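Dear colleague,

Please find below the structure that I am handing over to you. My findings follow directly after it, and I would be grateful if you read them with the model open.

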Amino acid sequence: MSLRDIIQPVFSLLPQVGSPSYRVPFKEKLKWTGVILILYFVLTQIALFGLSSTAVDQFASLRAVLAGNFGSIITLGIGPIVSASIILQLLVGGKIINLDLSKPEDKAFFQGTQKLLAIIFTLFEASVLVLTGALPATAGGFEWILILQITIGGILIIFLDEVVSKWGFGSGVGLFIAAGVAEQIVVGSLNPLTTPGGQGPAGAIPGFIYSLTTGQPGFYLLLPVLATIVVFLVVVYAESMRVEIPLSYGGVKGARGKYPLKFIYASNMPVILTSALLLNVQLFAAMFQKLGFPILGTITNGRAISGIAYILTPPNGPSTLFTQPLNVLIYAIVFIASCILFAVLWVELSGIGPKQVSKQLHGMGMQIPGHRSSRAHFEKILKRYIPAITVLGGAFVGFLAFGADLTSALGGGTGVLLTVGIVYKLYEEIAQEQLMDMHPMLRKFLGD
């Protein structure tokens, strides 16, 4: 009996969000996206019952990528979903599980397995965080109540993501990251409430205005805002970089166009997957320490203080370049190398590799002017570009995320990087959907 035969019956036991039996119109997609976004913000405000006030956010540096709110029932955020995706990508990419994602049955198996793994990871991560003391309970016996609440919140996020993917725009993973980072930027820059120490408003801009009234201008207060703007502009510029391959349509004389290959070809997924991988290093370090085998390092008060977990902790501000240069260098190498690896895996598994793209373009009757119209020739030309920009784009986006984190930008440098990419892609999808709603003939031409 194969692995598929064992796992397949379990899928029928999992609750599922039904796929639409018709093309979802623009306004309906917009409605579902808005509803899910509101539900997400509601969940961030539901506090965990029984959580001790001494709890420390062990993953504060990765909070923007996790898209969860510490202390709420969605403390885990999208962590379990991304962890499940990492495991499956490595298994499929290493041919341990042989799947052809261009086939509907293999794709359905992949998605079902990912959901099952995400639920398992939700229970596992909730148990580790509570039982290792990262999320301490107010009293004995409350641990299992905490685990139950966190698990329920994690499963809700899994199904909210599924609703967005099938009925809305983009994906829930991207939507929740962008929403969380946008909230941090708005609150961090405009919050007029007084800081806990009573030293003026907590927001950077109100705080700077307050410092002017005291006669001691605090220009340093604006540095996070300026860093956010700089990261935003760099990412927007990087998103616009692309290689354009000229195309002609064999069936219509004179019909020409271009196939754009973005420089950041694998989008922002390598950064999300790498950040989740680092999160799991911290998680397993806490688990092994609890078992009495701190092989990945020691964690105290929610912070790694030694070992691999300490080295792979994201740098906190530009000062770490001078205080811990070796750690920062090792972290940068691991982070960028992981982004390259996940970029290559993502391109192959998401169907945008040279083989899949050449098959798609050749099937549409496209050809490159001055070259023979054959699928093999198409693939040969695309192989000159796609592997190279995948590696370069993965390295660039990894370096950009690492550098952005050093700027102390509002919402986290990586958070801003991801949000710009997510919003940019979301804008393109919304614009395309709106265009096809206005021109039904265009939808028929594109085969949608």
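I begin with helix 8, whose buried residues are Ala204, Pro206, Gly207, Phe208 and Ser211. Please keep in mind throughout that this is a predicted model. Against which elements do the buried residues of helix 8 pack? They pack against helix 7 and helix 9, the latter formed by residues 223-240. After helix 8 comes Gly215, which has a positive phi, near 80°.

Helix 7 and helix 8

Helix 7 covers residues 172-190 and helix 8 covers residues 204-213; their axes are 3 Å apart and form an angle of about 10°. An angle under 35 degrees counts as roughly parallel, and helix 7 and helix 8 are therefore roughly parallel to each other. On the side of helix 7, the residues in contact are Gly188, Ser189 and Leu190. Their partners in helix 8 are Ala204, Ile205 and Pro206. Sorted by class, the contact of helix 7 with helix 8 holds four nonpolar residues, two polar residues and no charged ones. Ala204 and Pro206, which take part in this contact, are also among the buried residues of helix 8.

Helix 5 and helix 6

Helix 5 (residues 104-131) packs with helix 6 (residues 143-167) at an angle of about 150°, and their axes lie 9 Å apart. Because angles over 145 degrees count as roughly antiparallel, helix 5 is described as roughly antiparallel to helix 6. The crossing of helix 5 past helix 6 is right-handed. Helix 5 contributes Lys115, Ala118, Ile119, Thr122, Leu123, Ala126, Ser127, Val130 and Leu131 to the contact. Helix 6 contributes Glu143, Trp144, Leu146, Ile147, Ile150, Thr151, Gly154, Ile155, Ile158, Phe159 and Glu162. By class, the residues in the contact of helix 5 with helix 6 are 13 nonpolar, four polar and three charged.

Thr151 belongs to helix 6. Is Thr151 buried or exposed? Its relative accessibility is 12%, and Thr151 therefore counts as buried, the cut-off being under 20%. Leaving aside residues up to four places away in sequence, Thr151 touches Thr122, Leu123 and Ala126. Thr122, Leu123 and Ala126 are listed above among the residues that helix 5 brings to the contact.

Residues with a positive phi

Most residues other than glycine have a negative phi. Two residues in the model depart from that pattern and may be inspected in turn. Ala67 has a positive phi, near 60°, although it is not glycine. Where is Ala67 placed? Ala67 sits in the loop that joins helix 3 (63-66) to helix 4 (79-93). With a relative accessible area of 4%, Ala67 is buried. Ser267, likewise not a glycine, has a positive phi near 60°. The loop that holds Ser267 runs between strand 2 (256-262) and helix 10 (269-290).

Two distances along the chain

Leu90 is part of helix 4. At 40% relative accessibility, Leu90 counts as partly exposed. Although Leu90 and Leu341 are 251 residues apart along the chain, their C-alpha atoms are separated by 9.9 Å.

Val281 lies in helix 10 and counts as buried at 17% relative accessibility. Apart from residues up to four places away in sequence, Val281 touches Leu296, Ile308, Ala309 and Leu312. What separates the C-alpha atoms of Val281 and Phe378, 97 residues apart along the chain? The separation is 41 Å.

The protein as a whole

The secondary structure consists of 17 helices and five strands. The radius of gyration is 24 Å, close to the 22 Å that the globule rule gives for 448 residues, so the protein is as compact as a globular protein of that length. The C-alpha trace spans about 70 × 65 × 45 Å along its principal axes. Of the 448 residues, 47% are buried. Among contacts with a separation of 6 or more, 67% join residues 24 or more positions apart.

With kind regards

Conventions: Residues are numbered from 1 along each chain as its sequence is written. This is a predicted model: local features need pLDDT of at least 70, side-chain atom pairs count only at pLDDT 80 or more; totals for chains, interfaces and linings use all residues. Side-chain values use heavy atoms; hydrogens and water are left out. Axes are lines fitted to C-alpha atoms, for helices over the stretch in contact, and angles run from 0 to 180 degrees between N-to-C directions. Helices (H or I, at least four residues) and strands (E, at least two) are DSSP runs, numbered from the N terminus. Angles under 35 degrees count as roughly parallel, over 145 as roughly antiparallel, 65 to 115 as roughly perpendicular and the rest as oblique. A crossing is left-handed if the near helix is turned anticlockwise from the far one by less than a right angle, and right-handed if clockwise. Contact means heavy atoms within 4.5 Å. Ala, Val, Leu, Ile, Met, Phe, Trp, Tyr, Cys and Pro count as nonpolar, Asp, Glu, Lys and Arg as charged, and the others, Gly among them, as polar. The radius of gyration is taken over C-alpha atoms; the globule rule is 2.2 Å times the number of residues to the power 0.38. Buried means under 20% relative accessible area, exposed over 50%, partly exposed in between (1.4 Å probe, protein chains only).
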